[in-house]
Amino acid sequence: MTLTTKALLKSLWVFHLSTGSCNNCDIEVLDCLTPRHDVERFGIKLAGSIRHADVLLVTGSCNRKSAALLQKLYKEAPQPCFVVAIGECSLSRGIFIHSYNCPQPLDALVPVSAYIPGCPPKPEAIISGVLKLIRKVKGKR
Amino acid sequence: MKKTIIPIGPYHPLQEEPEYFTLTVDGETVVDIDAEIGYNHRGIEKLSELKNFDQSTFVIERICGICSTSHPYAYVRALEDIAGVEVPPRARYIRTIIAEGERLHSHLLWLGLAGHFLGYNTVYMWAWKLREEILDVMEIVSGNRNNYAMFRPGGVRRDINPDDIPIVLKKIKKIVPTLTMLHKAVRDDPVLHARTKGIGVLTKEESINFSALGPTSRASGVARDVRKDTVYGAYHEMDWKMIVTENGDVFDKVVVRMLEMLETIKILQYCFTHLPAGPIDSGLKGIPAGEGIGTHEAPRGETFHYVRSDGTNRPVRHKVRAPTFMNLPTYKATVKGSQLADAVIILAAIDPCYCCTERMAIRDPGGKRLFDGRELVALSQRKSKLVQEQLGIRELPLDALGQVAP
(Lines give C-alpha, C1' and ligand atoms only; values in the text may rest on other atoms or scores of the structure.)
Protein backbone atom coordinates (compact mmCIF):
# COMPACT_ATOMS: atom_id res chain seq x y z
CA MET A 1 0.00 0.00 0.00
CA THR A 2 1.36 3.39 -0.98
CA LEU A 3 1.57 6.28 1.45
CA THR A 4 -1.22 8.11 -0.40
CA THR A 5 -3.61 5.20 -0.08
CA LYS A 6 -2.75 4.78 3.60
CA ALA A 7 -3.47 8.44 4.31
CA LEU A 8 -6.56 8.40 2.13
CA LEU A 9 -8.19 5.56 4.04
CA LYS A 10 -8.21 7.66 7.23
CA SER A 11 -10.59 10.19 5.67
CA LEU A 12 -12.49 9.06 2.61
CA TRP A 13 -14.14 11.87 0.69
CA VAL A 14 -17.08 10.60 -1.27
CA PHE A 15 -18.74 11.95 -4.38
CA HIS A 16 -22.30 10.96 -4.90
CA LEU A 17 -23.46 10.21 -8.42
CA SER A 18 -26.98 9.34 -9.44
CA THR A 19 -27.22 7.62 -12.82
CA GLY A 20 -30.95 7.20 -13.22
CA SER A 21 -32.18 6.07 -9.85
CA CYS A 22 -35.51 6.59 -8.15
CA ASN A 23 -33.98 9.00 -5.65
CA ASN A 24 -34.34 6.63 -2.73
CA CYS A 25 -30.70 5.55 -2.55
CA ASP A 26 -29.64 9.20 -2.94
CA ILE A 27 -31.80 10.20 0.00
CA GLU A 28 -30.35 7.36 2.05
CA VAL A 29 -26.81 8.51 1.16
CA LEU A 30 -27.69 12.00 2.38
CA ASP A 31 -29.31 10.41 5.42
CA CYS A 32 -25.91 8.98 6.39
CA LEU A 33 -24.66 12.54 6.91
CA THR A 34 -27.41 13.55 9.31
CA PRO A 35 -27.28 13.26 13.11
CA ARG A 36 -28.57 9.72 13.62
CA HIS A 37 -25.99 8.04 11.38
CA ASP A 38 -23.33 10.78 11.11
CA VAL A 39 -20.61 9.25 8.93
CA GLU A 40 -18.23 12.10 9.66
CA ARG A 41 -17.17 10.22 12.75
CA PHE A 42 -15.42 7.79 10.36
CA GLY A 43 -13.83 10.66 8.45
CA ILE A 44 -16.22 10.21 5.55
CA LYS A 45 -17.33 13.48 3.98
CA LEU A 46 -19.35 14.45 0.92
CA ALA A 47 -17.12 16.23 -1.61
CA GLY A 48 -18.43 18.95 -3.89
CA SER A 49 -16.37 17.97 -6.91
CA ILE A 50 -15.16 14.68 -8.33
CA ARG A 51 -11.62 16.11 -8.37
CA HIS A 52 -11.62 16.14 -4.55
CA ALA A 53 -13.16 12.71 -4.11
CA ASP A 54 -11.62 9.34 -3.25
CA VAL A 55 -14.77 7.26 -3.49
CA LEU A 56 -17.50 7.39 -6.11
CA LEU A 57 -20.87 6.38 -4.66
CA VAL A 58 -22.94 5.35 -7.67
CA THR A 59 -26.69 4.83 -7.47
CA GLY A 60 -29.13 4.05 -10.25
CA SER A 61 -29.41 1.95 -13.34
CA CYS A 62 -26.90 3.76 -15.67
CA ASN A 63 -29.22 4.98 -18.39
CA ARG A 64 -27.94 6.01 -21.81
CA LYS A 65 -27.64 9.70 -21.04
CA SER A 66 -25.79 9.40 -17.74
CA ALA A 67 -23.58 6.39 -18.63
CA ALA A 68 -21.40 8.61 -20.85
CA LEU A 69 -21.15 11.20 -18.07
CA LEU A 70 -20.28 8.51 -15.55
CA GLN A 71 -17.31 7.34 -17.61
CA LYS A 72 -16.18 10.93 -18.15
CA LEU A 73 -16.35 11.65 -14.43
CA TYR A 74 -14.48 8.45 -13.57
CA LYS A 75 -11.62 9.54 -15.82
CA GLU A 76 -11.52 12.94 -14.14
CA ALA A 77 -11.25 11.47 -10.64
CA PRO A 78 -7.83 11.42 -9.02
CA GLN A 79 -6.43 7.88 -8.68
CA PRO A 80 -6.85 5.73 -6.66
CA CYS A 81 -10.62 6.12 -6.95
CA PHE A 82 -12.87 3.42 -5.52
CA VAL A 83 -16.33 2.90 -6.98
CA VAL A 84 -19.09 1.74 -4.65
CA ALA A 85 -22.34 0.55 -6.21
CA ILE A 86 -25.32 1.38 -4.01
CA GLY A 87 -28.69 -0.26 -4.41
CA GLU A 88 -30.11 -3.01 -6.54
CA CYS A 89 -30.23 -0.80 -9.68
CA SER A 90 -26.50 -0.20 -9.83
CA LEU A 91 -25.77 -3.83 -8.93
CA SER A 92 -27.80 -5.47 -11.67
CA ARG A 93 -30.24 -2.79 -12.90
CA GLY A 94 -32.86 -4.46 -10.66
CA ILE A 95 -36.44 -3.92 -11.75
CA PHE A 96 -35.29 -1.82 -14.74
CA ILE A 97 -33.36 -4.66 -16.39
CA HIS A 98 -35.84 -4.84 -19.28
CA SER A 99 -35.91 -1.10 -19.86
CA TYR A 100 -34.94 0.26 -23.30
CA ASN A 101 -32.91 3.01 -21.68
CA CYS A 102 -30.69 0.93 -19.35
CA PRO A 103 -28.52 -1.18 -21.69
CA GLN A 104 -25.50 -1.91 -19.47
CA PRO A 105 -24.96 -2.58 -15.79
CA LEU A 106 -22.55 -0.38 -13.84
CA ASP A 107 -19.69 -2.89 -13.62
CA ALA A 108 -19.55 -3.13 -17.41
CA LEU A 109 -18.80 0.60 -17.54
CA VAL A 110 -16.33 1.17 -14.69
CA PRO A 111 -14.52 -1.19 -12.29
CA VAL A 112 -16.48 -1.53 -9.05
CA SER A 113 -14.79 -2.10 -5.66
CA ALA A 114 -17.80 -2.73 -3.42
CA TYR A 115 -21.44 -3.62 -3.86
CA ILE A 116 -24.14 -2.64 -1.36
CA PRO A 117 -27.44 -4.46 -2.08
CA GLY A 118 -30.91 -3.32 -1.03
CA CYS A 119 -33.79 -1.35 -2.42
CA PRO A 120 -32.89 1.04 -0.95
CA PRO A 121 -30.08 -0.14 1.36
CA LYS A 122 -30.48 1.16 4.89
CA PRO A 123 -27.99 3.86 5.97
CA GLU A 124 -26.42 1.29 8.30
CA ALA A 125 -25.76 -0.95 5.30
CA ILE A 126 -24.14 1.91 3.37
CA ILE A 127 -21.84 2.77 6.28
CA SER A 128 -20.97 -0.89 6.78
CA GLY A 129 -20.25 -1.24 3.05
CA VAL A 130 -17.85 1.70 2.99
CA LEU A 131 -16.09 0.45 6.12
CA LYS A 132 -15.74 -3.00 4.53
CA LEU A 133 -14.18 -1.31 1.51
CA ILE A 134 -11.57 0.31 3.78
CA ARG A 135 -10.79 -3.06 5.31
CA LYS A 136 -10.55 -4.65 1.87
CA VAL A 137 -8.08 -2.03 0.61
CA LYS A 138 -5.99 -2.48 3.74
CA GLY A 139 -5.72 -6.17 2.85
CA LYS A 140 -7.70 -7.48 5.84
CA ARG A 141 -10.52 -9.27 4.11
CA MET B 1 -25.64 44.86 -21.61
CA LYS B 2 -23.67 41.67 -22.03
CA LYS B 3 -25.44 38.55 -20.81
CA THR B 4 -23.69 35.65 -19.15
CA ILE B 5 -24.81 32.04 -19.08
CA ILE B 6 -24.27 30.10 -15.86
CA PRO B 7 -24.60 26.32 -16.07
CA ILE B 8 -25.82 24.40 -13.02
CA GLY B 9 -25.42 20.64 -13.04
CA PRO B 10 -25.94 17.95 -14.18
CA TYR B 11 -23.99 16.73 -11.15
CA HIS B 12 -24.07 19.61 -8.72
CA PRO B 13 -23.20 19.24 -5.03
CA LEU B 14 -26.46 20.92 -3.99
CA GLN B 15 -28.73 18.63 -5.99
CA GLU B 16 -29.25 15.07 -5.10
CA GLU B 17 -30.65 14.29 -8.55
CA PRO B 18 -29.01 15.00 -11.90
CA GLU B 19 -30.53 17.79 -13.94
CA TYR B 20 -29.05 20.57 -16.00
CA PHE B 21 -30.03 24.22 -15.75
CA THR B 22 -28.72 27.15 -17.74
CA LEU B 23 -29.29 30.48 -16.07
CA THR B 24 -28.89 33.56 -18.24
CA VAL B 25 -27.85 36.43 -16.02
CA ASP B 26 -27.42 40.13 -16.54
CA GLY B 27 -25.04 41.17 -13.76
CA GLU B 28 -26.65 39.61 -10.70
CA THR B 29 -30.18 39.48 -12.07
CA VAL B 30 -31.57 36.32 -13.64
CA VAL B 31 -33.00 37.06 -17.09
CA ASP B 32 -33.87 33.63 -18.41
CA ILE B 33 -33.75 29.97 -17.48
CA ASP B 34 -33.70 26.71 -19.35
CA ALA B 35 -33.83 23.20 -17.96
CA GLU B 36 -32.66 19.93 -19.44
CA ILE B 37 -33.68 16.63 -17.89
CA GLY B 38 -33.41 13.02 -19.00
CA TYR B 39 -30.60 11.80 -16.76
CA ASN B 40 -33.10 9.75 -14.79
CA HIS B 41 -35.22 8.39 -17.60
CA ARG B 42 -35.86 4.67 -17.18
CA GLY B 43 -38.91 4.16 -19.42
CA ILE B 44 -41.29 3.27 -16.62
CA GLU B 45 -44.51 3.61 -18.63
CA LYS B 46 -43.21 1.04 -21.10
CA LEU B 47 -41.95 -1.25 -18.31
CA SER B 48 -45.36 -1.08 -16.67
CA GLU B 49 -46.97 -2.20 -19.93
CA LEU B 50 -44.63 -5.24 -19.99
CA LYS B 51 -45.73 -6.47 -16.55
CA ASN B 52 -49.10 -7.60 -15.27
CA PHE B 53 -51.32 -5.37 -13.17
CA ASP B 54 -50.13 -6.75 -9.86
CA GLN B 55 -46.42 -6.60 -10.71
CA SER B 56 -46.78 -3.09 -12.10
CA THR B 57 -47.39 -1.61 -8.64
CA PHE B 58 -43.77 -2.43 -7.76
CA VAL B 59 -42.43 -0.67 -10.87
CA ILE B 60 -44.70 2.32 -10.28
CA GLU B 61 -43.43 2.52 -6.71
CA ARG B 62 -39.94 3.06 -8.07
CA ILE B 63 -40.84 6.06 -10.22
CA CYS B 64 -39.73 8.15 -7.30
CA GLY B 65 -38.38 7.13 -3.93
CA ILE B 66 -39.97 9.99 -2.01
CA CYS B 67 -43.41 9.62 -3.62
CA SER B 68 -43.25 5.84 -3.36
CA THR B 69 -46.86 5.78 -2.08
CA SER B 70 -48.43 8.48 -4.21
CA HIS B 71 -47.77 6.78 -7.53
CA PRO B 72 -49.08 3.31 -6.55
CA TYR B 73 -52.06 4.99 -4.86
CA ALA B 74 -53.05 6.82 -8.04
CA TYR B 75 -52.36 3.68 -10.10
CA VAL B 76 -54.50 1.34 -8.01
CA ARG B 77 -57.25 3.96 -8.01
CA ALA B 78 -57.13 3.97 -11.81
CA LEU B 79 -57.47 0.15 -11.83
CA GLU B 80 -60.33 0.29 -9.32
CA ASP B 81 -61.94 2.91 -11.56
CA ILE B 82 -61.89 0.39 -14.45
CA ALA B 83 -63.07 -2.56 -12.39
CA GLY B 84 -65.57 -0.53 -10.35
CA VAL B 85 -64.72 -2.16 -7.03
CA GLU B 86 -65.32 -0.77 -3.56
CA VAL B 87 -62.28 -0.80 -1.26
CA PRO B 88 -62.95 -2.14 2.28
CA PRO B 89 -62.87 0.53 5.04
CA ARG B 90 -59.85 -0.95 6.84
CA ALA B 91 -57.86 -0.91 3.61
CA ARG B 92 -58.88 2.72 3.02
CA TYR B 93 -57.62 3.68 6.48
CA ILE B 94 -54.32 1.80 6.06
CA ARG B 95 -53.82 3.51 2.69
CA THR B 96 -54.44 6.90 4.30
CA ILE B 97 -51.94 6.12 7.07
CA ILE B 98 -49.21 5.20 4.61
CA ALA B 99 -49.94 8.19 2.36
CA GLU B 100 -49.88 10.67 5.24
CA GLY B 101 -46.74 9.16 6.75
CA GLU B 102 -45.10 9.71 3.41
CA ARG B 103 -46.30 13.30 3.27
CA LEU B 104 -44.85 13.95 6.72
CA HIS B 105 -41.41 12.58 5.89
CA SER B 106 -41.38 14.23 2.46
CA HIS B 107 -42.21 17.68 3.87
CA LEU B 108 -39.51 17.30 6.54
CA LEU B 109 -37.04 16.21 3.89
CA TRP B 110 -37.94 19.29 1.87
CA LEU B 111 -37.65 21.60 4.88
CA GLY B 112 -34.18 20.22 5.59
CA LEU B 113 -33.04 20.60 2.00
CA ALA B 114 -34.46 24.14 1.82
CA GLY B 115 -32.39 25.01 4.89
CA HIS B 116 -29.37 23.39 3.24
CA PHE B 117 -29.90 25.45 0.06
CA LEU B 118 -29.99 28.63 2.13
CA GLY B 119 -26.73 27.63 3.80
CA TYR B 120 -28.62 27.11 7.07
CA ASN B 121 -27.47 23.62 7.93
CA THR B 122 -28.94 23.66 11.44
CA VAL B 123 -32.43 23.41 9.96
CA TYR B 124 -31.20 20.60 7.67
CA MET B 125 -29.85 18.53 10.54
CA TRP B 126 -32.86 19.15 12.82
CA ALA B 127 -35.42 18.33 10.14
CA TRP B 128 -33.66 15.14 9.04
CA LYS B 129 -33.16 14.02 12.63
CA LEU B 130 -36.89 14.37 13.17
CA ARG B 131 -37.58 12.62 9.87
CA GLU B 132 -35.82 9.50 11.19
CA GLU B 133 -38.52 9.17 13.87
CA ILE B 134 -41.22 9.13 11.18
CA LEU B 135 -39.26 6.60 9.13
CA ASP B 136 -39.16 4.44 12.28
CA VAL B 137 -42.95 4.66 12.50
CA MET B 138 -43.23 3.65 8.85
CA GLU B 139 -40.82 0.78 9.41
CA ILE B 140 -42.97 -0.52 12.28
CA VAL B 141 -46.15 -0.19 10.22
CA SER B 142 -44.97 -1.50 6.86
CA GLY B 143 -41.60 -3.16 7.39
CA ASN B 144 -39.53 -0.84 5.24
CA ARG B 145 -38.20 2.69 5.50
CA ASN B 146 -39.06 3.91 2.02
CA ASN B 147 -40.62 1.56 -0.51
CA TYR B 148 -43.58 0.31 1.47
CA ALA B 149 -45.15 -2.05 -1.09
CA MET B 150 -48.48 -1.84 0.75
CA PHE B 151 -50.73 -1.17 -2.22
CA ARG B 152 -52.48 -3.68 -4.42
CA PRO B 153 -55.44 -3.27 -6.74
CA GLY B 154 -58.54 -3.59 -4.57
CA GLY B 155 -56.92 -3.26 -1.16
CA VAL B 156 -53.64 -3.42 0.70
CA ARG B 157 -51.06 -6.17 0.88
CA ARG B 158 -50.40 -6.26 4.61
CA ASP B 159 -52.44 -5.55 7.71
CA ILE B 160 -51.35 -3.33 10.59
CA ASN B 161 -50.62 -5.34 13.70
CA PRO B 162 -52.92 -4.07 16.54
CA ASP B 163 -50.05 -4.51 19.03
CA ASP B 164 -48.01 -1.91 17.14
CA ILE B 165 -50.62 0.84 17.34
CA PRO B 166 -49.91 2.02 20.96
CA ILE B 167 -46.15 2.11 20.20
CA VAL B 168 -46.73 4.09 17.02
CA LEU B 169 -49.13 6.53 18.70
CA LYS B 170 -46.60 7.12 21.47
CA LYS B 171 -43.89 7.83 18.88
CA ILE B 172 -46.12 10.25 16.97
CA LYS B 173 -47.01 12.04 20.21
CA LYS B 174 -43.32 12.44 20.93
CA ILE B 175 -42.73 14.03 17.51
CA VAL B 176 -45.28 16.85 18.03
CA PRO B 177 -43.35 19.04 20.56
CA THR B 178 -40.11 18.85 18.56
CA LEU B 179 -41.98 19.62 15.35
CA THR B 180 -43.73 22.62 16.94
CA MET B 181 -40.39 23.85 18.24
CA LEU B 182 -38.85 23.51 14.79
CA HIS B 183 -41.83 25.33 13.28
CA LYS B 184 -41.46 28.25 15.66
CA ALA B 185 -37.71 28.39 15.10
CA VAL B 186 -38.15 28.48 11.33
CA ARG B 187 -41.16 30.81 11.29
CA ASP B 188 -39.70 33.48 13.56
CA ASP B 189 -36.12 33.41 12.33
CA PRO B 190 -35.12 36.89 11.08
CA VAL B 191 -32.48 35.40 8.77
CA LEU B 192 -35.02 33.16 7.06
CA HIS B 193 -37.45 36.09 6.80
CA ALA B 194 -34.81 38.13 5.02
CA ARG B 195 -33.99 35.31 2.63
CA THR B 196 -37.50 34.10 1.79
CA LYS B 197 -40.10 36.89 2.24
CA GLY B 198 -41.13 38.53 -1.02
CA ILE B 199 -38.77 36.25 -2.99
CA GLY B 200 -39.97 34.25 -5.98
CA VAL B 201 -43.55 35.42 -5.86
CA LEU B 202 -46.04 33.33 -7.86
CA THR B 203 -49.26 35.34 -8.17
CA LYS B 204 -52.69 33.75 -8.11
CA GLU B 205 -53.22 34.42 -11.84
CA GLU B 206 -49.85 32.89 -12.75
CA SER B 207 -50.58 29.90 -10.55
CA ILE B 208 -53.88 29.31 -12.35
CA ASN B 209 -52.35 29.89 -15.79
CA PHE B 210 -49.50 27.45 -15.15
CA SER B 211 -51.91 24.95 -13.51
CA ALA B 212 -49.66 24.75 -10.47
CA LEU B 213 -50.49 21.94 -8.07
CA GLY B 214 -50.22 21.10 -4.41
CA PRO B 215 -48.44 23.38 -1.90
CA THR B 216 -47.16 25.55 -4.77
CA SER B 217 -50.71 26.52 -5.74
CA ARG B 218 -52.03 26.63 -2.18
CA ALA B 219 -49.34 29.13 -1.19
CA SER B 220 -50.62 31.42 -3.99
CA GLY B 221 -54.18 31.37 -2.71
CA VAL B 222 -55.59 28.67 -5.00
CA ALA B 223 -57.44 26.16 -2.83
CA ARG B 224 -56.72 22.97 -4.74
CA ASP B 225 -56.33 19.65 -2.96
CA VAL B 226 -57.40 16.25 -4.28
CA ARG B 227 -58.04 15.08 -0.73
CA LYS B 228 -60.80 17.71 -0.35
CA ASP B 229 -61.98 17.83 -3.96
CA THR B 230 -62.69 14.11 -4.41
CA VAL B 231 -63.90 11.44 -2.02
CA TYR B 232 -61.31 8.74 -1.49
CA GLY B 233 -59.29 7.16 1.29
CA ALA B 234 -60.46 8.15 4.75
CA TYR B 235 -60.01 11.90 4.34
CA HIS B 236 -63.70 12.79 4.23
CA GLU B 237 -64.40 10.94 7.47
CA MET B 238 -62.41 13.26 9.71
CA ASP B 239 -61.91 16.93 10.37
CA TRP B 240 -58.82 18.60 8.95
CA LYS B 241 -57.98 21.91 7.38
CA MET B 242 -56.63 22.69 3.93
CA ILE B 243 -53.85 25.25 4.40
CA VAL B 244 -54.08 28.16 1.96
CA THR B 245 -52.01 31.34 2.10
CA GLU B 246 -52.14 34.41 -0.12
CA ASN B 247 -48.68 35.79 -0.90
CA GLY B 248 -47.14 33.03 -3.04
CA ASP B 249 -43.54 33.78 -2.06
CA VAL B 250 -41.01 31.25 -0.80
CA PHE B 251 -41.87 32.01 2.83
CA ASP B 252 -45.53 31.17 2.25
CA LYS B 253 -44.56 27.89 0.62
CA VAL B 254 -42.56 27.07 3.75
CA VAL B 255 -45.51 28.01 5.97
CA VAL B 256 -48.00 25.94 3.95
CA ARG B 257 -45.83 22.85 4.20
CA MET B 258 -45.11 23.33 7.89
CA LEU B 259 -48.76 23.76 8.84
CA GLU B 260 -49.65 20.80 6.62
CA MET B 261 -47.34 18.62 8.69
CA LEU B 262 -49.41 19.35 11.82
CA GLU B 263 -52.64 18.57 9.95
CA THR B 264 -51.07 15.34 8.73
CA ILE B 265 -50.26 14.35 12.30
CA LYS B 266 -53.93 14.97 13.18
CA ILE B 267 -55.03 12.70 10.31
CA LEU B 268 -52.53 10.01 11.33
CA GLN B 269 -53.68 10.05 14.96
CA TYR B 270 -57.34 9.84 13.92
CA CYS B 271 -56.66 6.94 11.54
CA PHE B 272 -54.71 4.94 14.11
CA THR B 273 -57.33 5.42 16.84
CA HIS B 274 -60.36 4.82 14.58
CA LEU B 275 -58.96 1.95 12.50
CA PRO B 276 -62.07 -0.09 11.53
CA ALA B 277 -62.10 -3.88 11.68
CA GLY B 278 -62.74 -6.07 8.66
CA PRO B 279 -61.03 -7.38 5.55
CA ILE B 280 -58.09 -5.53 3.96
CA ASP B 281 -58.64 -6.73 0.41
CA SER B 282 -61.69 -6.80 -1.83
CA GLY B 283 -60.38 -9.86 -3.71
CA LEU B 284 -60.20 -8.17 -7.09
CA LYS B 285 -59.56 -10.82 -9.75
CA GLY B 286 -58.62 -9.54 -13.19
CA ILE B 287 -59.23 -6.14 -14.71
CA PRO B 288 -61.98 -5.87 -17.36
CA ALA B 289 -61.47 -3.97 -20.61
CA GLY B 290 -61.84 -0.23 -20.29
CA GLU B 291 -60.00 2.88 -19.26
CA GLY B 292 -59.69 4.56 -15.92
CA ILE B 293 -58.03 7.48 -14.21
CA GLY B 294 -56.66 7.71 -10.69
CA THR B 295 -55.52 10.73 -8.77
CA HIS B 296 -53.90 11.26 -5.42
CA GLU B 297 -52.62 14.31 -3.60
CA ALA B 298 -48.90 13.56 -3.37
CA PRO B 299 -46.72 15.72 -1.09
CA ARG B 300 -45.93 17.89 -4.15
CA GLY B 301 -49.41 18.04 -5.67
CA GLU B 302 -51.81 15.96 -7.70
CA THR B 303 -50.44 12.74 -9.19
CA PHE B 304 -52.42 11.56 -12.17
CA HIS B 305 -52.42 8.07 -13.68
CA TYR B 306 -54.31 6.89 -16.74
CA VAL B 307 -54.59 3.17 -17.49
CA ARG B 308 -56.21 1.48 -20.46
CA SER B 309 -56.92 -2.24 -20.33
CA ASP B 310 -58.06 -4.59 -23.08
CA GLY B 311 -59.18 -7.36 -20.76
CA THR B 312 -55.83 -9.18 -20.63
CA ASN B 313 -53.63 -9.11 -17.56
CA ARG B 314 -51.47 -6.19 -18.72
CA PRO B 315 -52.17 -2.51 -19.24
CA VAL B 316 -52.24 -1.50 -22.93
CA ARG B 317 -51.40 2.07 -22.08
CA HIS B 318 -50.24 3.58 -18.85
CA LYS B 319 -49.71 7.31 -18.58
CA VAL B 320 -48.16 9.04 -15.59
CA ARG B 321 -48.27 12.73 -14.84
CA ALA B 322 -46.34 13.77 -11.77
CA PRO B 323 -46.90 17.09 -9.95
CA THR B 324 -43.44 18.48 -10.76
CA PHE B 325 -44.29 18.30 -14.45
CA MET B 326 -46.85 21.05 -13.83
CA ASN B 327 -44.92 22.91 -11.14
CA LEU B 328 -41.52 23.18 -12.84
CA PRO B 329 -42.69 25.68 -15.53
CA THR B 330 -43.75 28.09 -12.77
CA TYR B 331 -40.03 28.45 -12.04
CA LYS B 332 -39.74 30.40 -15.25
CA ALA B 333 -42.26 32.92 -13.96
CA THR B 334 -40.86 33.20 -10.45
CA VAL B 335 -37.12 33.29 -11.11
CA LYS B 336 -37.05 36.05 -13.74
CA GLY B 337 -35.83 39.30 -12.26
CA SER B 338 -34.64 37.72 -9.03
CA GLN B 339 -31.09 37.77 -7.70
CA LEU B 340 -28.74 34.94 -8.65
CA ALA B 341 -28.29 33.98 -4.98
CA ASP B 342 -32.04 33.42 -4.65
CA ALA B 343 -32.37 31.30 -7.79
CA VAL B 344 -31.62 28.03 -5.95
CA ILE B 345 -34.11 28.54 -3.14
CA ILE B 346 -36.82 29.65 -5.58
CA LEU B 347 -36.32 26.39 -7.46
CA ALA B 348 -36.29 24.41 -4.22
CA ALA B 349 -39.54 26.08 -3.14
CA ILE B 350 -41.59 24.08 -5.64
CA ASP B 351 -40.05 20.88 -4.20
CA PRO B 352 -38.99 19.59 -7.61
CA CYS B 353 -38.66 15.87 -8.20
CA TYR B 354 -37.07 15.02 -11.53
CA CYS B 355 -37.39 11.24 -11.26
CA CYS B 356 -41.16 11.65 -11.52
CA THR B 357 -40.96 14.19 -14.30
CA GLU B 358 -38.61 12.39 -16.69
CA ARG B 359 -39.69 12.52 -20.30
CA MET B 360 -38.04 11.39 -23.49
CA ALA B 361 -37.27 13.24 -26.73
CA ILE B 362 -36.77 11.49 -30.06
CA ARG B 363 -33.86 12.69 -32.20
CA ASP B 364 -32.64 11.63 -35.61
CA PRO B 365 -29.01 10.43 -35.94
CA GLY B 366 -27.94 14.00 -36.77
CA GLY B 367 -29.17 15.19 -33.38
CA LYS B 368 -32.22 17.07 -34.64
CA ARG B 369 -35.27 16.76 -32.42
CA LEU B 370 -38.07 15.01 -34.29
CA PHE B 371 -41.20 15.82 -32.31
CA ASP B 372 -41.06 19.35 -31.03
CA GLY B 373 -43.77 21.04 -29.00
CA ARG B 374 -45.70 22.34 -31.99
CA GLU B 375 -45.82 18.94 -33.69
CA LEU B 376 -47.04 17.28 -30.49
CA VAL B 377 -49.82 19.85 -30.11
CA ALA B 378 -50.82 19.25 -33.76
CA LEU B 379 -50.82 15.48 -33.14
CA SER B 380 -53.01 15.91 -30.07
CA GLN B 381 -55.43 18.18 -31.95
CA ARG B 382 -55.67 15.70 -34.81
CA LYS B 383 -56.43 12.92 -32.33
CA SER B 384 -59.09 14.99 -30.52
CA LYS B 385 -60.75 15.71 -33.84
CA LEU B 386 -60.77 12.00 -34.67
CA VAL B 387 -62.37 11.15 -31.32
CA GLN B 388 -64.91 13.95 -31.77
CA GLU B 389 -65.88 12.59 -35.17
CA GLN B 390 -66.17 9.05 -33.83
CA LEU B 391 -68.35 10.12 -30.91
CA GLY B 392 -70.27 12.69 -32.93
CA ILE B 393 -69.33 15.64 -30.73
CA ARG B 394 -69.67 19.07 -32.29
CA GLU B 395 -66.82 21.50 -31.64
CA LEU B 396 -67.99 24.37 -29.40
CA PRO B 397 -66.83 27.93 -30.06
CA LEU B 398 -64.55 29.22 -27.29
CA ASP B 399 -67.05 31.83 -25.97
CA ALA B 400 -69.69 29.16 -25.50
CA LEU B 401 -67.54 27.29 -22.96
CA GLY B 402 -68.80 29.41 -20.06
CA GLN B 403 -72.45 28.71 -20.85
CA VAL B 404 -72.31 24.91 -21.08
CA ALA B 405 -74.70 23.36 -18.59
CA PRO B 406 -72.91 21.36 -15.89
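Two strands pair if DSSP finds at least two bridges between them; strands (E, at least two residues) and helices (H or I, at least four) are DSSP runs, numbered from the N terminus. This is a predicted model, in which local features need pLDDT of at least 70 and side-chain atom pairs count only at pLDDT 80 or more, while totals for chains, interfaces and linings use all residues. Residues are numbered from 1 along each chain as its sequence is written, with chains lettered from A and ligands numbered from 1 in the order in which they are written.

| Strands | Bridges | A bridge pair |
|---|---|---|
| β7(B) (301–309) and β8(B) | six bridges | Ser309(B) and Pro315(B) |
| β2(B) (20–26) and β3(B) (29–36) | seven bridges | Val25(B) and Val30(B) |

β7(B) and β8(B) belong to an open sheet of three strands, ordered β6-β7-β8 and paired antiparallel. Because β6(B) (290–298) and β8(B) (315–321) stand at the edges with a single partner strand each, one side of each has no neighbour in the sheet. From one strand to the next the twist averages 15 degrees (axes are lines fitted to C-alpha atoms, and angles run from 0 to 180 degrees between N-to-C directions).

β2(B) and β3(B) form a hairpin with two residues between them, and Gly27(B) in its turn has a positive phi of about 70 degrees.

Now to the interface: 32 residues of chain B are in contact with 30 residues of chain A, contact meaning C-beta atoms, placed from the backbone, within 7 Å. On the chain B side, α1 (44–50), α2 (53–61) and α5 (121–142) each give two or more residues, and α5(B) gives the most, with four.

Note on methods:
Two residues are in contact if their C-beta atoms, placed from the backbone, lie within 7 Å.
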